[in-house]
Structure formats: C-alpha cells, structure tokens
Amino acid sequence: MVRRFLRDGWRVSACARSSPEPSISAGAGCSENRIFFSNCDVADPEAVEGFVSAAVKKFGAPDLLINNAAIINRCAPLWEQSDEEISQILDVNVRGMISVIRCFLPVMAGRGSGIIVNFSSGWGRSTSPEVAPYCATKYAVEGLSAALAQELPAGMAAVALNPGIIDTAMLRECLGAGAGAYEDAETWAGRAVPFLAALDVCCNGKALTVD
C-alpha cells in the first residue's frame, strides 16, 4: 500500500513493529518530504502517542487514517489458547486500533475532515474453527467502527473494511502453502489503494469490502 500511495502522489506516515524495507521510499522515487516511518508497537499507548505526535508534526492531520495492524492466534481450539496469547491479540487488534484512533482523531476533528478505515476481515463477518480469538477481535472492529461513525462530527467518516483474502505471512500461518493460491499484497494494493482513496463522508458507518 505504501508504494502505491506514494506512486499516486500521496504523502505517507506509517509505523510498524519492524523497520520498513529501504526500497519502499527509494523505489517510489520520493524524497523525505513525502514519507515518514517510525517503529511503533500499537499495543503500547505511549509508543502510539509518540508516533502520532511526530506524524502530525511532519504532515499535519491525515486525510485518510488506515488502521491495519493485526496479529492472528495460532490455529487451535479456544480452550487451548493461553491467557497471554489472548491478551496479546486483544491488545494489538482492538486496543491498538483504539489508541491510534484516540490520538489522531482530535487533530482530524479540529480540521473538520478525514476518513478513518479500520481493517476488519472476512472473519469479522463470519467464523471458522480454531481462530476464535481473531474472529472476536475483528467482530469488535466492526462494532467499534459502526459506533464511532455515529460519534464523528460532520465532515468525517469511519468504516470497517474487509480487505479480502491476501497472500501474507498471516494467511500462511493459517493455510500454509495454500496461501499462494491468493493474490499477493502488491497486486491487491493496485486495486485497494484507488478504492481507499475514493472513500468520502457518504461511506460513514458502512461495512465495506475490497472486491
């Protein structure tokens, strides 16, 4: 997504637990005035506050806030999941998303515009065995997004987005080699970024899917 947004002329602030590929900004042929990266664990509220403060200082309030940080539980029945595993997935997938929203929203609301996209999942609208904790977090994203949409001031919107099935490291944890049957992240981004860029306030409260 970062490469495609940069190629389309956007300025991008992004965070990740690990350092980004050096090729991202170089490959997009852009300068530092169009991209800002920071290491950040969204499960740490103080780290989120630091990232948001730096991002806002660099580029101001975002036009489009994409909440896509998530982890998945190891495939096993719910009663075999440990308290630590369940706490971690809740901290990243739900509390982390809330922290990002709570930090960015005041500056977006102060400007009076902005779209918030919270990544849900097909498992936020349906279920499968052995991924109950993950399903629980993505159902939470759906409810969080719908409720937030009712609270936002005029000029803003919040949506829950099912990105579809993408060949990522997370999918390989569930499907193994079978994940290769689905499109890779870069191919998906070629369709998804224009879709995301076109979202407006008319989408507020909707549960959307990247077809």
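Predicted model: local features only at pLDDT ≥ 70, side-chain atom pairs only at ≥ 80, totals over all residues.
Residues are numbered from 1 along each chain as its sequence is written, and side-chain values use heavy atoms, leaving out hydrogens and water.

**Helix α3**

- The end C-alpha atoms of α3 (residues 45–59) are 21 Å apart, which agrees with the 21 Å that its 15 residues should span at 1.5 Å a residue, the expected span being 1.5 Å times one less than the number of residues.
- Val-48, Phe-51, Val-52, Ala-55 and Phe-59 of α3 are buried (under 20% relative accessible area, with exposed over 50%; 1.4 Å probe, protein chains only).
- These residues cover an arc of only 100° around the axis, which puts them on the same side of α3; the arc is that of the directions from the helix axis to the C-beta atoms.
- Glu-46, Ser-53 and Lys-57, on the other side of α3, are exposed.
- The N-terminal end of α3 is capped by Asp-44, with a side-chain oxygen 3.0 Å from the backbone nitrogen of Glu-46.

**The sheet**

- Four strands form an open sheet in the order β3-β4-β5-β6, with parallel pairing (strands pair if DSSP finds at least two bridges between them).
- The edge strands, β3 (64–67) and β6 (207–209), each pair on one side only.
- Strand β5 (residues 156–162) pairs with β6 over three bridges, and Asn-162 stands opposite Thr-209 in β6.

How values were computed:
Helix = DSSP H or I, 4+ residues; strand = E, 2+ residues; numbered from the N terminus. Polar contact = N/O pair within 3.5 Å; in protein donor to acceptor, adjacent residues only side chain to side chain.
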